[in-house]
Amino acid sequence: VISDEMIGAPMVNHVSNLMVFNGPSLNKFIDALEPGGNLFINTSVVKERPTRTDINIIEIDAGTIALELGSSKCLNLVMAGAFVGYNEGVLPVENCIQTIFKKLGAKRPEMNPINEAAFRKGVELGAAARK
């Protein structure tokens, strides 16, 4: 949750962090990433890599991790966790977990353990990539 109000079309010209889940998104948005920015790539789907040398590339095999945890549907939480882990202090991990429980667990509480594990694994991978 990034706003209390509806976000119609969150389009921007320049970003410092970019998360891509597929090849077309990489190609469409890579030029919006500022020099020194962070590119989070879901390597289970995105096979190509940008040629830019002025950005940080954080490779996360989110699809494989999600399947190992029991649900391909949680790959977005692996990626979100990687963002939080890499950008230390951007959001408190425990607050994120509580929000996941509240927003996603309200409809499917049986997914809470998998969703939490996915997010925490992402945090771990993001923190490791920062070092």
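Start by selecting N42, which is buried at a relative accessible area of 1% (buried means under 20%, exposed over 50%, partly exposed in between, with a 1.4 Å probe and protein chains only). This is a predicted model, where local features need pLDDT of at least 70, side-chain atom pairs count only at pLDDT 80 or more, and totals for chains, interfaces and linings use all residues. Residues are numbered from 1 along each chain as its sequence is written, and side-chain values use heavy atoms, with hydrogens and water left out.

N42 sits in strand β2. Strands here are DSSP runs of E with at least two residues, helices are runs of H or I with at least four, and both are numbered from the N terminus. Now show what surrounds N42: leaving aside neighbours within four places in sequence, the contacts are V20, F21, I60, D61, A62, G63, L75 and M79 (contact means heavy atoms within 4.5 Å).

D61 is partly exposed, with a relative accessible area of 31%. Not counting residues up to four places away in sequence, D61 touches N42, T43 and S44.

**Over to α2 and α3**

Select residues 62-69 for α2 and residues 75-86 for α3. Two packed helices are described by the angle between their axes and the distance between the axes. For this pair the angle is about 120 degrees and the axes are 8 Å apart. That makes α2 oblique to α3. The axes are lines fitted to C-alpha atoms, for helices over the stretch in contact, and angles run from 0 to 180 degrees between N-to-C directions. As for the labels, angles under 35 degrees count as roughly parallel, over 145 as roughly antiparallel, 65 to 115 as roughly perpendicular and the rest as oblique.

α2 passes α3 in a right-handed crossing (right-handed if the near helix is turned clockwise from the far one by less than a right angle, left-handed if anticlockwise). Show side chains where they meet: A62, G63, I65 and A66 on the α2 side, and L75, V78 and M79 on the α3 side. By class, that contact has six nonpolar, one polar and no charged residues. Ala, Val, Leu, Ile, Met, Phe, Trp, Tyr, Cys and Pro count as nonpolar, Asp, Glu, Lys and Arg as charged, and the others, Gly among them, as polar.

Stay on α3 for a quick geometry check. Its twelve residues should span 16 Å at 1.5 Å a residue, and the end C-alpha atoms are 17 Å apart, which agrees (the expected span is 1.5 Å times one less than the number of residues). Then colour the buried residues of α3: L77, V78, M79, G81, A82, V84, G85 and Y86. What do these buried residues pack against? They pack against β1 (15-20), β2 (33-42), β3 (56-60), α2, α4 (93-103) and α5 (112-130).

**A stop in β1**

Move to N17, in strand β1. N17 is partly exposed, with a relative accessible area of 25%. Its contacts, not counting residues up to four places away in sequence, are L33, N38, F40, F83 and N87. N17 and N38 are 21 residues apart along the chain, with C-alpha atoms separated by 4.7 Å.

**The α4 and α5 pair**

Now bring up α4 and α5, which pack at an angle of about 150 degrees with axes 10 Å apart. That makes α4 roughly antiparallel to α5. α4 passes α5 in a right-handed crossing. To see the contact, show V93, E94, C96, I97, I100 and F101 of α4 with N112, N115, E116, F119, R120 and V123 of α5. Those residues divide into seven nonpolar, two polar and three charged.

N112 counts as buried, at 16% relative accessibility, and touches I100, F101 and G105, not counting residues up to four places away in sequence. R120 counts as partly exposed at 31%. Leaving aside neighbours within four places in sequence, R120 is in contact with V93, E94 and I97.

**Last stop: T51**

Finish in the loop between β2 and β3, where you'll find T51. Is T51 buried or exposed? T51 is exposed, with a relative accessible area of 77%.
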